[in-house]
Amino acid sequence: MDRYVCTVCGYVYDPALGDPDSGIKPGTRFEDIPDGWECPVCGAAKSDFEKE
Amino acid sequence: MKPVEIAKGIYDVGVNDWNIRDFHGYSTHLGTSYNAFLIVDSKIALIDAVKKEFADELIDNISQIVDPRKIDVVISNHTEMDHSGGLARIMHRVGEDKPLYCSKMGQKNLSLHYPQHFNYHAVENGETLSLGHHTLTFMETRMLHWPDSMFTYVNEEKILFSSDAFGQHYAGFEKFDDRMLDDIMPHAKKYFANILLPFAPLILKLVEQVTAMGLDIRMICPDHGILWRKNPGKIIDAYVRWSRQDAVRKAVIVYDTMWHSTEKMAYAIADGLSEQGVAVHPMHLRKWDRSDIMAEILDARAVVVGSPTLNNGLFPTLGDFLTYMKGLKPKNKIGAAFGSYGWSGEAVKLLTQELEGMKFEMIDPGVKVQYVPDEKAIAACFELGKKIGLAM
(Lines give C-alpha, C1' and ligand atoms only; values in the text may rest on other atoms or scores of the structure.)
Protein backbone atom coordinates (compact mmCIF):
# COMPACT_ATOMS: atom_id res chain seq x y z
CA MET A 1 0.00 0.00 0.00
CA ASP A 2 1.37 3.41 -1.03
CA ARG A 3 2.10 6.26 1.32
CA TYR A 4 0.98 9.75 0.29
CA VAL A 5 2.55 13.11 1.14
CA CYS A 6 0.70 16.37 1.72
CA THR A 7 2.20 18.83 -0.75
CA VAL A 8 1.21 21.71 1.51
CA CYS A 9 2.80 20.78 4.84
CA GLY A 10 4.74 17.54 4.32
CA TYR A 11 2.53 15.24 6.46
CA VAL A 12 2.75 11.62 5.29
CA TYR A 13 -0.38 9.45 5.21
CA ASP A 14 0.67 5.93 6.11
CA PRO A 15 -2.08 3.37 5.33
CA ALA A 16 -0.72 1.09 8.07
CA LEU A 17 -1.51 3.77 10.65
CA GLY A 18 -4.56 5.36 9.04
CA ASP A 19 -5.86 8.56 10.63
CA PRO A 20 -7.94 7.32 13.57
CA ASP A 21 -8.64 10.89 14.84
CA SER A 22 -10.61 11.50 11.64
CA GLY A 23 -12.19 8.04 11.64
CA ILE A 24 -9.82 6.49 9.09
CA LYS A 25 -8.98 3.00 10.36
CA PRO A 26 -5.46 1.56 10.15
CA GLY A 27 -5.15 -0.45 6.96
CA THR A 28 -7.20 2.00 4.85
CA ARG A 29 -5.70 2.58 1.40
CA PHE A 30 -5.31 6.25 0.49
CA GLU A 31 -7.60 5.68 -2.52
CA ASP A 32 -10.37 4.50 -0.19
CA ILE A 33 -10.38 7.59 2.03
CA PRO A 34 -13.54 9.69 1.44
CA ASP A 35 -13.02 12.82 -0.68
CA GLY A 36 -14.04 15.16 2.14
CA TRP A 37 -11.10 14.02 4.27
CA GLU A 38 -8.54 16.70 5.13
CA CYS A 39 -4.87 16.63 6.07
CA PRO A 40 -4.85 16.24 9.88
CA VAL A 41 -1.92 18.66 10.19
CA CYS A 42 -2.79 21.57 7.91
CA GLY A 43 -6.30 20.87 6.66
CA ALA A 44 -5.35 20.60 2.97
CA ALA A 45 -7.72 18.69 0.68
CA LYS A 46 -7.18 15.04 -0.27
CA SER A 47 -6.44 16.27 -3.80
CA ASP A 48 -3.38 18.10 -2.44
CA PHE A 49 -1.63 14.76 -1.73
CA GLU A 50 0.92 13.05 -3.94
CA LYS A 51 2.25 9.53 -3.90
CA GLU A 52 5.49 9.35 -1.88
CA MET B 1 3.76 53.21 21.17
CA LYS B 2 0.51 55.16 21.32
CA PRO B 3 -2.60 53.83 19.57
CA VAL B 4 -3.03 55.05 15.99
CA GLU B 5 -6.50 55.51 14.47
CA ILE B 6 -6.19 53.89 11.05
CA ALA B 7 -9.84 54.37 10.01
CA LYS B 8 -12.85 55.76 11.82
CA GLY B 9 -13.21 53.73 15.01
CA ILE B 10 -10.40 51.33 14.06
CA TYR B 11 -7.10 51.54 15.93
CA ASP B 12 -3.69 49.92 15.81
CA VAL B 13 -3.07 49.17 19.49
CA GLY B 14 0.08 47.11 18.89
CA VAL B 15 3.56 47.53 20.30
CA ASN B 16 7.09 48.03 19.03
CA ASP B 17 9.85 45.61 20.02
CA TRP B 18 12.64 48.10 19.32
CA ASN B 19 15.62 46.06 20.41
CA ILE B 20 14.99 42.50 19.30
CA ARG B 21 17.82 41.48 16.99
CA ASP B 22 17.29 37.72 16.71
CA PHE B 23 13.75 36.61 15.95
CA HIS B 24 13.88 32.79 16.14
CA GLY B 25 17.05 32.79 14.07
CA TYR B 26 15.99 35.61 11.72
CA SER B 27 18.09 38.77 12.07
CA THR B 28 15.90 41.78 12.85
CA HIS B 29 18.31 44.69 12.38
CA LEU B 30 15.54 47.25 12.94
CA GLY B 31 13.51 45.37 15.56
CA THR B 32 9.90 44.49 14.85
CA SER B 33 6.36 45.33 15.89
CA TYR B 34 3.51 43.14 17.05
CA ASN B 35 0.45 44.85 15.61
CA ALA B 36 -2.98 44.36 17.17
CA PHE B 37 -6.19 46.11 16.19
CA LEU B 38 -9.23 47.38 18.03
CA ILE B 39 -12.54 47.99 16.28
CA VAL B 40 -14.92 50.15 18.32
CA ASP B 41 -18.52 49.71 17.21
CA SER B 42 -21.77 48.61 18.94
CA LYS B 43 -19.69 45.55 19.69
CA ILE B 44 -15.97 45.97 20.30
CA ALA B 45 -13.47 43.54 18.77
CA LEU B 46 -9.77 43.04 19.36
CA ILE B 47 -7.79 41.42 16.55
CA ASP B 48 -4.70 39.53 17.74
CA ALA B 49 -2.77 39.75 20.96
CA VAL B 50 0.97 40.42 21.18
CA LYS B 51 4.02 38.63 22.50
CA LYS B 52 3.63 37.69 26.16
CA GLU B 53 6.02 40.25 27.63
CA PHE B 54 4.19 43.09 25.85
CA ALA B 55 0.69 42.17 27.08
CA ASP B 56 0.58 44.98 29.64
CA GLU B 57 1.58 47.53 27.01
CA LEU B 58 -1.23 46.27 24.78
CA ILE B 59 -3.69 46.59 27.67
CA ASP B 60 -2.46 50.15 28.32
CA ASN B 61 -2.96 51.00 24.65
CA ILE B 62 -6.47 49.57 24.64
CA SER B 63 -7.28 51.41 27.88
CA GLN B 64 -6.48 54.75 26.21
CA ILE B 65 -9.50 54.08 23.95
CA VAL B 66 -11.89 51.85 25.89
CA ASP B 67 -12.02 49.88 29.10
CA PRO B 68 -10.73 46.42 28.08
CA ARG B 69 -13.70 44.84 29.89
CA LYS B 70 -15.94 46.37 27.23
CA ILE B 71 -14.35 44.23 24.50
CA ASP B 72 -17.00 41.77 23.27
CA VAL B 73 -14.96 39.51 21.06
CA VAL B 74 -11.29 38.64 20.62
CA ILE B 75 -10.07 37.36 17.26
CA SER B 76 -6.90 35.31 16.81
CA ASN B 77 -5.77 35.32 13.19
CA HIS B 78 -2.63 33.33 13.97
CA THR B 79 -1.52 31.06 16.81
CA GLU B 80 2.22 31.79 16.79
CA MET B 81 3.30 33.14 20.17
CA ASP B 82 4.28 36.61 19.01
CA HIS B 83 0.54 37.11 18.38
CA SER B 84 -1.01 34.88 21.04
CA GLY B 85 1.47 34.99 23.93
CA GLY B 86 -0.53 37.82 25.49
CA LEU B 87 -3.89 36.04 25.12
CA ALA B 88 -4.15 34.60 28.63
CA ARG B 89 -3.50 38.04 30.15
CA ILE B 90 -5.84 39.74 27.67
CA MET B 91 -8.68 37.25 28.17
CA HIS B 92 -8.29 37.66 31.93
CA ARG B 93 -8.80 41.43 31.57
CA VAL B 94 -11.46 41.24 28.86
CA GLY B 95 -13.41 38.44 30.55
CA GLU B 96 -12.70 34.71 30.37
CA ASP B 97 -16.21 34.00 29.07
CA LYS B 98 -15.90 36.31 26.03
CA PRO B 99 -15.79 34.49 22.68
CA LEU B 100 -12.38 33.86 21.13
CA TYR B 101 -12.76 33.69 17.36
CA CYS B 102 -10.20 31.70 15.37
CA SER B 103 -10.04 29.15 12.56
CA LYS B 104 -10.75 25.47 13.17
CA MET B 105 -6.99 24.79 13.09
CA GLY B 106 -6.55 27.85 15.29
CA GLN B 107 -8.66 26.29 18.02
CA LYS B 108 -6.68 23.07 17.75
CA ASN B 109 -3.31 24.85 17.81
CA LEU B 110 -4.18 27.38 20.53
CA SER B 111 -5.31 24.55 22.79
CA LEU B 112 -1.92 22.90 22.20
CA HIS B 113 -0.25 26.11 23.42
CA TYR B 114 -2.43 27.18 26.35
CA PRO B 115 -4.11 25.10 29.05
CA GLN B 116 -6.92 27.65 29.61
CA HIS B 117 -10.34 26.58 28.36
CA PHE B 118 -11.07 29.67 26.30
CA ASN B 119 -14.58 30.16 24.94
CA TYR B 120 -13.49 29.20 21.43
CA HIS B 121 -15.59 29.98 18.39
CA ALA B 122 -14.06 28.23 15.37
CA VAL B 123 -15.18 30.08 12.24
CA GLU B 124 -16.02 28.58 8.87
CA ASN B 125 -14.26 30.02 5.84
CA GLY B 126 -16.32 33.02 4.72
CA GLU B 127 -18.25 33.31 7.99
CA THR B 128 -19.23 36.86 8.95
CA LEU B 129 -19.67 38.67 12.23
CA SER B 130 -21.58 41.93 12.56
CA LEU B 131 -20.25 44.43 15.07
CA GLY B 132 -23.03 46.97 14.31
CA HIS B 133 -21.80 49.29 11.60
CA HIS B 134 -18.90 47.02 10.63
CA THR B 135 -19.13 43.48 9.32
CA LEU B 136 -16.15 41.19 9.55
CA THR B 137 -15.53 38.33 7.10
CA PHE B 138 -13.11 35.56 8.07
CA MET B 139 -11.01 33.89 5.39
CA GLU B 140 -9.05 30.74 6.05
CA THR B 141 -5.50 30.99 4.72
CA ARG B 142 -4.08 27.65 5.82
CA MET B 143 -0.29 27.36 5.71
CA LEU B 144 0.14 31.09 5.15
CA HIS B 145 2.11 30.43 7.10
CA TRP B 146 0.77 28.07 9.77
CA PRO B 147 -2.21 25.68 9.59
CA ASP B 148 -4.22 28.10 11.75
CA SER B 149 -3.58 31.27 9.74
CA MET B 150 -6.60 33.30 8.69
CA PHE B 151 -7.41 36.81 7.47
CA THR B 152 -10.12 39.09 8.85
CA TYR B 153 -11.67 41.55 6.38
CA VAL B 154 -13.79 44.58 7.29
CA ASN B 155 -16.40 44.74 4.54
CA GLU B 156 -17.38 48.42 4.85
CA GLU B 157 -13.88 49.87 5.24
CA LYS B 158 -12.31 47.30 2.86
CA ILE B 159 -9.48 46.68 5.32
CA LEU B 160 -7.71 43.33 5.30
CA PHE B 161 -6.10 42.20 8.55
CA SER B 162 -3.66 39.76 7.03
CA SER B 163 -1.86 38.25 10.00
CA ASP B 164 1.82 37.60 9.10
CA ALA B 165 1.31 37.82 5.33
CA PHE B 166 2.57 41.14 3.84
CA GLY B 167 4.44 41.87 7.09
CA GLN B 168 7.96 43.15 7.66
CA HIS B 169 10.16 43.10 10.72
CA TYR B 170 10.45 46.82 11.32
CA ALA B 171 9.96 48.98 14.41
CA GLY B 172 9.52 52.71 13.83
CA PHE B 173 7.32 55.72 14.42
CA GLU B 174 6.14 55.53 10.82
CA LYS B 175 3.06 53.35 10.70
CA PHE B 176 2.15 53.59 6.99
CA ASP B 177 3.67 52.76 3.62
CA ASP B 178 3.37 56.36 2.39
CA ARG B 179 5.79 57.44 5.12
CA MET B 180 8.40 54.87 4.12
CA LEU B 181 8.01 54.65 0.33
CA ASP B 182 10.41 52.10 -1.18
CA ASP B 183 12.57 51.92 1.94
CA ILE B 184 10.24 49.31 3.39
CA MET B 185 10.40 46.95 0.40
CA PRO B 186 13.71 45.21 1.31
CA HIS B 187 12.20 44.37 4.71
CA ALA B 188 9.04 43.00 3.10
CA LYS B 189 11.15 41.00 0.68
CA LYS B 190 13.31 39.54 3.43
CA TYR B 191 10.17 38.59 5.37
CA PHE B 192 8.75 36.82 2.32
CA ALA B 193 12.02 35.00 1.59
CA ASN B 194 12.37 33.69 5.13
CA ILE B 195 8.77 33.06 6.19
CA LEU B 196 6.50 32.65 3.18
CA LEU B 197 8.69 31.23 0.42
CA PRO B 198 7.88 27.53 1.10
CA PHE B 199 4.21 28.34 0.54
CA ALA B 200 4.67 30.32 -2.68
CA PRO B 201 2.30 28.06 -4.72
CA LEU B 202 -0.46 28.65 -2.14
CA ILE B 203 0.03 32.41 -2.35
CA LEU B 204 -0.49 32.37 -6.11
CA LYS B 205 -3.66 30.31 -5.60
CA LEU B 206 -4.93 32.69 -2.92
CA VAL B 207 -4.32 35.81 -5.03
CA GLU B 208 -6.19 34.12 -7.88
CA GLN B 209 -9.14 33.33 -5.57
CA VAL B 210 -9.22 36.84 -4.13
CA THR B 211 -9.11 38.35 -7.62
CA ALA B 212 -11.95 36.05 -8.75
CA MET B 213 -14.00 37.08 -5.70
CA GLY B 214 -13.49 40.72 -6.73
CA LEU B 215 -12.47 41.57 -3.19
CA ASP B 216 -11.79 45.29 -2.99
CA ILE B 217 -8.86 46.02 -0.67
CA ARG B 218 -8.28 49.60 0.45
CA MET B 219 -5.79 48.84 3.20
CA ILE B 220 -3.72 45.82 4.25
CA CYS B 221 -2.80 45.59 7.91
CA PRO B 222 -0.26 42.86 8.68
CA ASP B 223 0.78 41.85 12.20
CA HIS B 224 4.36 43.14 11.78
CA GLY B 225 5.68 46.46 10.54
CA ILE B 226 3.95 49.18 8.56
CA LEU B 227 0.40 49.12 7.18
CA TRP B 228 -0.20 49.32 3.43
CA ARG B 229 -2.74 52.13 2.94
CA LYS B 230 -1.43 54.18 0.02
CA ASN B 231 -0.95 51.37 -2.41
CA PRO B 232 -1.86 47.89 -1.12
CA GLY B 233 -1.65 46.64 -4.72
CA LYS B 234 2.10 47.21 -4.63
CA ILE B 235 2.76 44.59 -1.97
CA ILE B 236 0.26 42.17 -3.56
CA ASP B 237 2.06 42.52 -6.91
CA ALA B 238 5.41 42.00 -5.17
CA TYR B 239 4.07 38.82 -3.50
CA VAL B 240 2.96 37.48 -6.89
CA ARG B 241 6.37 38.26 -8.38
CA TRP B 242 8.26 36.68 -5.46
CA SER B 243 5.93 33.65 -5.43
CA ARG B 244 6.60 33.02 -9.12
CA GLN B 245 10.30 33.14 -8.22
CA ASP B 246 11.16 35.07 -11.34
CA ALA B 247 14.91 35.48 -11.22
CA VAL B 248 17.11 38.35 -12.31
CA ARG B 249 20.68 38.06 -13.65
CA LYS B 250 22.12 37.76 -10.19
CA ALA B 251 24.32 35.22 -8.43
CA VAL B 252 24.83 34.72 -4.73
CA ILE B 253 28.08 33.03 -3.72
CA VAL B 254 27.63 31.54 -0.26
CA TYR B 255 30.80 30.24 1.34
CA ASP B 256 32.93 29.80 4.41
CA THR B 257 36.68 29.66 4.55
CA MET B 258 39.41 28.63 7.01
CA TRP B 259 42.66 30.01 5.51
CA HIS B 260 41.13 32.21 2.77
CA SER B 261 41.67 29.66 0.01
CA THR B 262 37.96 28.97 -0.54
CA GLU B 263 37.47 32.73 -0.27
CA LYS B 264 39.99 33.39 -3.04
CA MET B 265 38.06 30.91 -5.17
CA ALA B 266 34.80 32.72 -4.35
CA TYR B 267 36.23 36.05 -5.49
CA ALA B 268 37.59 34.56 -8.72
CA ILE B 269 34.17 33.03 -9.48
CA ALA B 270 32.64 36.44 -8.72
CA ASP B 271 35.02 38.05 -11.24
CA GLY B 272 34.00 35.54 -13.90
CA LEU B 273 30.33 36.23 -13.24
CA SER B 274 30.90 39.99 -13.31
CA GLU B 275 32.60 39.70 -16.66
CA GLN B 276 29.36 38.20 -17.95
CA GLY B 277 27.44 41.19 -16.62
CA VAL B 278 25.89 39.29 -13.70
CA ALA B 279 25.23 41.08 -10.42
CA VAL B 280 27.15 39.06 -7.88
CA HIS B 281 27.08 38.91 -4.08
CA PRO B 282 29.80 36.89 -2.34
CA MET B 283 28.49 36.21 1.19
CA HIS B 284 30.72 34.78 3.92
CA LEU B 285 28.60 32.64 6.23
CA ARG B 286 30.14 33.98 9.42
CA LYS B 287 29.70 37.61 8.32
CA TRP B 288 26.13 37.42 7.07
CA ASP B 289 23.08 36.11 8.83
CA ARG B 290 21.33 33.22 7.09
CA SER B 291 18.14 35.28 6.79
CA ASP B 292 19.95 38.11 4.98
CA ILE B 293 21.48 35.56 2.61
CA MET B 294 18.03 34.10 1.83
CA ALA B 295 16.67 37.58 1.08
CA GLU B 296 19.43 37.96 -1.52
CA ILE B 297 18.83 34.45 -2.93
CA LEU B 298 15.09 34.99 -3.44
CA ASP B 299 15.42 36.60 -6.88
CA ALA B 300 18.89 35.31 -7.81
CA ARG B 301 19.14 32.90 -10.74
CA ALA B 302 22.31 31.23 -9.46
CA VAL B 303 23.46 30.07 -6.04
CA VAL B 304 27.11 29.05 -5.92
CA VAL B 305 28.17 27.34 -2.72
CA GLY B 306 31.70 26.91 -1.38
CA SER B 307 33.12 25.01 1.57
CA PRO B 308 36.53 23.91 2.76
CA THR B 309 36.76 20.21 3.57
CA LEU B 310 37.05 19.90 7.35
CA ASN B 311 37.78 16.44 8.73
CA ASN B 312 36.29 14.73 5.66
CA GLY B 313 33.11 16.79 5.73
CA LEU B 314 31.58 20.21 5.20
CA PHE B 315 32.51 23.22 7.28
CA PRO B 316 29.74 23.35 9.97
CA THR B 317 28.20 26.68 8.92
CA LEU B 318 27.37 25.09 5.55
CA GLY B 319 25.27 22.50 7.37
CA ASP B 320 23.32 25.29 9.03
CA PHE B 321 22.80 27.20 5.81
CA LEU B 322 21.92 24.22 3.59
CA THR B 323 19.39 22.92 6.13
CA TYR B 324 17.81 26.35 6.31
CA MET B 325 17.70 26.90 2.54
CA LYS B 326 16.32 23.40 1.88
CA GLY B 327 13.34 24.04 4.17
CA LEU B 328 12.50 27.27 2.34
CA LYS B 329 12.24 25.38 -0.98
CA PRO B 330 13.65 27.91 -3.45
CA LYS B 331 12.83 27.03 -7.07
CA ASN B 332 14.26 27.65 -10.56
CA LYS B 333 17.87 27.94 -9.41
CA ILE B 334 21.07 26.95 -11.13
CA GLY B 335 23.98 25.98 -8.93
CA ALA B 336 27.60 24.95 -8.65
CA ALA B 337 29.98 24.06 -5.83
CA PHE B 338 33.61 24.80 -5.03
CA GLY B 339 36.10 24.54 -2.21
CA SER B 340 39.64 24.09 -1.03
CA TYR B 341 40.84 21.00 0.80
CA GLY B 342 43.97 19.56 2.39
CA TRP B 343 44.00 15.81 1.80
CA SER B 344 40.62 14.13 1.21
CA GLY B 345 38.39 16.83 -0.35
CA GLU B 346 34.84 15.58 0.07
CA ALA B 347 33.16 19.00 0.43
CA VAL B 348 32.48 19.78 -3.25
CA LYS B 349 30.83 16.40 -3.78
CA LEU B 350 28.74 16.78 -0.62
CA LEU B 351 27.63 20.28 -1.59
CA THR B 352 26.70 19.08 -5.08
CA GLN B 353 24.59 16.25 -3.64
CA GLU B 354 22.80 18.66 -1.30
CA LEU B 355 22.00 21.14 -4.06
CA GLU B 356 20.84 18.35 -6.39
CA GLY B 357 18.54 17.20 -3.58
CA MET B 358 17.00 20.69 -3.66
CA LYS B 359 16.44 20.26 -7.43
CA PHE B 360 19.00 22.89 -8.39
CA GLU B 361 20.17 22.58 -11.97
CA MET B 362 23.90 21.89 -11.49
CA ILE B 363 25.82 23.33 -14.40
CA ASP B 364 29.29 22.06 -13.51
CA PRO B 365 30.85 19.20 -11.50
CA GLY B 366 32.47 21.92 -9.37
CA VAL B 367 36.01 23.09 -8.72
CA LYS B 368 38.17 21.71 -5.92
CA VAL B 369 41.65 22.91 -5.13
CA GLN B 370 44.26 21.34 -2.85
CA TYR B 371 45.47 23.82 -0.24
CA VAL B 372 46.04 27.27 -1.78
CA PRO B 373 44.72 28.08 -5.28
CA ASP B 374 47.51 28.89 -7.73
CA GLU B 375 47.15 30.92 -10.91
CA LYS B 376 45.77 27.95 -12.81
CA ALA B 377 43.19 27.21 -10.12
CA ILE B 378 42.14 30.86 -9.99
CA ALA B 379 41.69 30.78 -13.77
CA ALA B 380 39.53 27.65 -13.42
CA CYS B 381 37.34 29.47 -10.87
CA PHE B 382 37.08 32.50 -13.18
CA GLU B 383 35.99 30.15 -15.99
CA LEU B 384 33.40 28.58 -13.67
CA GLY B 385 32.00 32.06 -13.00
CA LYS B 386 31.82 32.74 -16.73
CA LYS B 387 30.15 29.39 -17.38
CA ILE B 388 27.49 30.14 -14.75
CA GLY B 389 26.95 33.57 -16.28
CA LEU B 390 26.54 32.04 -19.75
CA ALA B 391 24.00 29.54 -18.41
CA MET B 392 21.67 32.33 -17.22
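Mentor: In this predicted model, the axes of helix 6 (residues 185–196) of chain B and helix 10 (residues 290–297) of chain B come within 8 Å of each other and cross at roughly 100°. Here axes are lines fitted to C-alpha atoms, for helices over the stretch in contact, and angles run from 0 to 180 degrees between N-to-C directions; helices (H or I, at least four residues) and strands (E, at least two) are DSSP runs numbered from the N terminus. Helix 6 of chain B contributes B:Lys189, B:Lys190, B:Ala193 and B:Asn194 to the contact, while helix 10 of chain B contributes B:Arg290, B:Ser291, B:Asp292, B:Met294 and B:Ala295, contact meaning heavy atoms within 4.5 Å. By residue class, this contact of helix 6 with helix 10 of chain B has three nonpolar, two polar and four charged members; Ala, Val, Leu, Ile, Met, Phe, Trp, Tyr, Cys and Pro count as nonpolar, Asp, Glu, Lys and Arg as charged, and the others, Gly among them, as polar.

On conventions, residues are numbered from 1 along each chain as its sequence is written, and chains are lettered from A and ligands numbered from 1 in the order in which they are written. Local features need pLDDT of at least 70 and side-chain atom pairs count only at pLDDT 80 or more, whereas totals for chains, interfaces and linings use all residues, and side-chain values use heavy atoms, with hydrogens and water left out.

Turning to the sheets, chain B has an open sheet of seven strands in the order 1-2-7-8-9-10-11, with mixed pairing, where two strands pair if DSSP finds at least two bridges between them. Its edge strands, each pairing on one side only, are strand 1 (4–7) and strand 11 of chain B, and the twist from one strand to the next averages 25°. Within this sheet, strand 2 (residues 10–12) and strand 7 (residues 37–40) of chain B run antiparallel and are joined by three bridges, with B:Ile10 opposite B:Ile39. Strand 7 of chain B also pairs with strand 8 (residues 44–47) of chain B, again in the antiparallel sense, over four bridges, and the two form a hairpin with three residues between them; B:Phe37 stands opposite B:Ile47 there.

Further along, strand 9 (residues 73–75) and strand 10 (residues 99–103) of chain B pair in the parallel sense over two bridges, and B:Ile75 has B:Tyr101 as its bridge partner. Helix 3 (residues 87–94) of chain B lies across strand 8, strand 9 and strand 10 of chain B, at about 165° to strand 9. Helix 4 of chain B packs on the sheet as well, touching strand 10 and strand 11 of chain B, and its direction makes about 110° with that of strand 10. Strand 10 and strand 11 (residues 119–123) of chain B run parallel and are joined by five bridges, with B:Pro99 opposite B:Asn119. Together with helix 4 (residues 104–111), these strands of chain B make a right-handed β-α-β unit, right-handed meaning that, with the strands pointing away from the viewer, the path from the first strand over the helix to the second runs clockwise.

A five-stranded open sheet of chain B has the order 12-13-14-15-16, also with mixed pairing. Strand 12 (128–130) and strand 16 (219–222) of chain B are its edges, each pairing on one side only, and its twist averages 20° from one strand to the next. Strand 13 (residues 135–140) and strand 14 (residues 150–154) of chain B pair in the antiparallel sense over five bridges, and B:Met139 stands opposite B:Phe151. In the loop between strand 13 and strand 14 of chain B lies B:His145, which a cis peptide bond with omega of about 10° joins to B:Leu144. B:Ser163, found in strand 15 (residues 159–163) of chain B, has a positive phi of about 60° although it is not a glycine.

Finally, chain A and chain B bury about 620 Å² between them, 47% of it on carbon and sulfur atoms, buried area being the accessible area (1.4 Å probe) that two parts lose on being put together, summed over both. A:Val8, A:Glu38 and A:Cys42 supply 56% of the area that chain A buries against chain B, more than any other three residues.
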